[in-house]
Amino acid sequence: MIKFLLPLVTALFLNFHITVTNGHVLSEALTSASQRRATDTCADPSLTDIYYESYSPSHKFHLIQMRTEFADSLTVGNGDFQFQEQIFRAWKDTQPFTFPLHRLFNPTLVDYIFVLSTDGTIPSVAGYQENFIPAYIYSTQICDSIPLYSVALASATDHFYTTVLSERDDMINRWGWKDAGIVGYVLPLTPVCSCGSSV
């Protein structure tokens, strides 16, 4: 009888051990691998700032920058910006795996556009000149990032930016703006947890 019970007890023990290993050690190993991968490919989200979109009614253009920059412009008297909304989180300084988001200005049209550079050069767009770099963002959709969409209205020489696909579609389909593509990839206002859930 013991001869038959020993393999059964051994199997039960091994299965239990495998279950413990799969439930804890393997899960722990996967978590460590996931964290290591995130550290190796993602910039630190805790270092991000919130970026706002604002509109200048006198010049009819939209801008994206940190709220402090808008406040400074309003205080020193060279801007008439109206805050529209917070739109994303990004880094104000260079970070691993991010690229500079250049703000270009067209003095003839009095229009600003935002262009990502992935090769270290200042983007070249006819009629526009380098203004400054307000943020650093991703060039591809990684690390829980989301697209930053752009639409343009030629009649007003204005560009509008959003991370909400339905807003972009509404501007195009209902209001006649033109799709200006995806500028780059930013972090949403509310952090997304890509960590595994415990069972």
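Which backbone oxygen lies 3.5 Å from a polar atom of the side chain of Thr163?

Some ground rules before the tour. This is a predicted model, where local features need pLDDT of at least 70 and side-chain atom pairs count only at pLDDT 80 or more, while totals for chains, interfaces and linings use all residues. Residues are numbered from 1 along each chain as its sequence is written, and side-chain values use heavy atoms, with hydrogens and water left out.

Now, the overall layout. The protein chain has three helices and nine strands. Read from the N terminus, the order is α-β-β-α-β-β-β-β-β-β-α-β. Those elements are DSSP runs numbered from the N terminus: helices are H or I with at least four residues, strands are E with at least two. Of the 199 residues, 34% are buried, where buried means under 20% relative accessible area, exposed over 50%, and partly exposed in between, using a 1.4 Å probe on protein chains only. Contact here means heavy atoms within 4.5 Å. Among contacts between residues at least 6 apart in sequence, 63% join residues at least 24 apart.

Back to the opening question. The oxygen belongs to Ile87. Thr163 itself sits in the loop between β8 and α3. Leaving out residues up to four places away in sequence, Thr163 touches Ile87, Phe88, Ile146, Pro147, Leu148, Tyr149 and Val186.

Three strands make an open sheet in the order β8-β7-β9, with antiparallel pairing. Its edge strands are β8 and β9, each pairing on one side only. From one strand to the next, the twist averages 25°. Two strands pair if DSSP finds at least two bridges between them. β7 and β9 are joined by six bridges; Leu148 has Gly184 as its bridge partner in β9, and Tyr149 has Ile182. Six of the eight residues of β7 are buried, so β7 is largely enclosed by the rest of the structure. Helix α3, residues 165-173, lies across β7, β8 and β9 and runs at about 15° to β7. For that angle, axes are lines fitted to C-alpha atoms, for helices over the stretch in contact, and angles run from 0 to 180 degrees between N-to-C directions.

Let's stop at a histidine in this sheet. His159 lies in strand β8, residues 158-162. Is it buried or exposed? At 15% relative accessibility, His159 counts as buried. Its side chain makes a polar contact with the side chain of Asp111, at 2.9 Å. A polar contact is a pair of N or O atoms within 3.5 Å; within protein, one must be able to donate a hydrogen and the other to accept it, and residues adjacent in sequence count only if both atoms are side-chain atoms. Beyond four places in sequence, the contacts of His159 include His62, Tyr128 and Trp177.

On to β1 and β2, which pair in the antiparallel sense over six bridges. Tyr51 stands opposite Met66 in β2. Their hairpin has four residues between the strands, and Lys60 takes a positive phi near 60°. β2 is mostly covered, with six of its six residues buried.

What about the interior? In soluble globular proteins, nonpolar side chains tend to be buried together. A nonpolar core is a set of buried Ala, Val, Leu, Ile, Met, Phe, Trp, Tyr and Cys residues joined through side-chain atoms within 4.5 Å. The largest one here has 22 residues, and those touching the most other members include Tyr51, Phe88, Leu148 and Tyr161. Strands β2, β3, β4, β5, β6 and β9 each supply at least two residues of this core. Apart from it lies another core, of eight residues, among them Cys42, Trp91, Cys143 and Leu187.

Those two cysteines are my last stop. Cys42 and Cys143 form a disulfide, with sulfur atoms 1.9 Å apart; the cut-off for a disulfide is a pair of cysteine sulfur atoms within 2.5 Å. The torsion about their S-S bond is about -90°, so the disulfide is left-handed. It links distant parts of the chain: Cys42 is in the loop between α1 and β1, Cys143 in the loop between β6 and β7, 101 residues apart. Thanks, everyone!
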